[in-house]
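Me: I've got a fold open on screen and want to talk it through. Can you take my questions one by one?

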Amino acid sequence: MDDNMKPISNICIVAGARPNFIKVAPIVRAIAKAREEGSKMSCSLVYTGRADDPTLEQSLFDDLRIARPDVCLGVDCISLNELTGRVMGEFEAYLDAHATDVVIVVDDLASTMAVAIVTKKRGVRLAHLVAGTRSFDITMPKEINRLVIDGLSDLLFTAGSGACTVVSREGADLSQVYMVGNILMDTLRFNHERLCRPAIVDEIGLTDGRYIVFTLNRRALMADRENLRRMLGAMLAAAGDVPVVAPLRGEARRVVEELLPEGAGGFHLSGPLSYLEFGWLAAHACGVVTDSGNVAEEATFNGVPCITLNSYTEHAETVTVGSNVLVGEDAARLGEAVGDMVGGRWKKCGLPDRWDGRTADRIIRILSL
């Protein structure tokens, strides 16, 4: 029997950063459910970083209803090339010690690419979750990661038809490509009734549907301080008397505090929120301003207007079907979009195909074939 046709029982799921856990949690839960129903599938959750990573607070795993990683590779460094090499060495050692039939990697990090390379060199079946996402900007390190990971993968799990077209055009065989839907929707549906109203809502007297949530994470955006200052000013001016709430951490918080214009009383910085708290805050806002693709996808699911501070999105469905609008890094366009947001002048939007919360079930069925 061909190695790729052997029944799958030992699955390794690899996460390289905090957002990855939100995407793989539904698969971990689906495998546990399958085992309860008699399946021989089992999974090991591997984190490429440190066990004591401060971004992996226990509340994250409690919210997602999964256990902490079974194995942490312990790699933590700034240089992407050094990180890639160290993850490759540590993951090879992991495969030496653990029987593995398939490795599932998610998204487009350097650590994800490193795991993908080692997996294929060892002849282990490789599956890529959220395959086919592209910026079409080859100068971006993550774009190179995406091309390498998709090129190596035996199974490409895509979120939409556009991503299927991308990987097919790049040479993937149709038998390798599965449009399973957006895995983030599984987590949102699972937690819909468990979202927690954060304390900041009452502390500053927010009214449902009458505040904006602002998030910031992209380093390139924070690097151009003067332009970011203009963007913050334009956003606040257009928001008027509508408060802006920013649950920021680390460097993003420090940069925004430094650049806020004087008298920005309507801007409220908060500490980081738990996953369920942020989910509640974003779902009850009149709109979201973000540079995060994940936050934009969640806004589409919730039908909440979203402005993305980028000129592209890896998930075009959030723009063509969903509630997302791209303004790039243009302060004037941002101000106009925020004016439309608070004025109730937003486009009609819907839910893209297969963003239905059943992605993990589809993946498990495919792996069971």
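Me: Let's start with Tyr178: is it buried, partly exposed or exposed?
Reply: First, the ground rules: this is a predicted model, where local features need pLDDT of at least 70, side-chain atom pairs count only at pLDDT 80 or more, and totals for chains, interfaces and linings use all residues. Residues are numbered from 1 along each chain as its sequence is written, and side-chain values use heavy atoms, with hydrogens and water left out. Buried means under 20% relative accessible area and exposed over 50%, with partly exposed in between (1.4 Å probe, protein chains only). Tyr178 has a relative accessible area of 25%, so it is partly exposed.

Me: How are the rings of Phe157 and Tyr178 arranged: stacked, edge-to-face or tilted?
Reply: Rings of Phe, Tyr and Trp (its six-membered ring) pair if their centres lie within 6.5 Å; planes under 30 degrees apart are stacked, over 60 edge-to-face, and the rest tilted. Five aromatic pairs turn up in the structure. For Phe157 and Tyr178 the centres are 6.2 Å apart and the planes sit at 50°, so the pair is tilted.

Me: Which strands do Phe157 and Tyr178 lie in?
Reply: Strands here are DSSP runs (E, at least two residues) and helices are too (H or I, at least four), numbered from the N terminus. Phe157 is buried at 0% relative accessible area. The pair ties together parts 21 residues apart in sequence, because Phe157 lies in β6 and Tyr178 in β7.

Me: What is the strand order in the open sheet of seven strands?
Reply: Strands count as paired if DSSP finds at least two bridges between them. β3 (71-72) and β7 (177-179) stand at the edges with a single partner strand each, so one side of each has no neighbour in the sheet. β2 (residues 42-47) is joined to β3 by two bridges, and Tyr47 stands opposite Cys72. The pairing is parallel, and the order is β3-β2-β1-β4-β5-β6-β7.

Me: At about what angle does helix α4 run to β4?
Reply: Axes are lines fitted to C-alpha atoms, for helices over the stretch in contact (heavy atoms within 4.5 Å), and angles run from 0 to 180 degrees between N-to-C directions. Helix α5 (residues 141-152) lies across β4, β5 and β6, at about 135° to β5. Helix α4 (residues 110-121) lies across β1, β4 and β5, and its angle to β4 is about 160°.

Me: Where is Ser323 found?
Reply: Ser323 is buried, with a relative accessible area of 0%. Beyond residues up to four places away in sequence, its contacts include Cys306, Trp346 and Cys349. As for its place in the chain, Ser323 is in the loop between α14 (317-320) and β13 (324-326).
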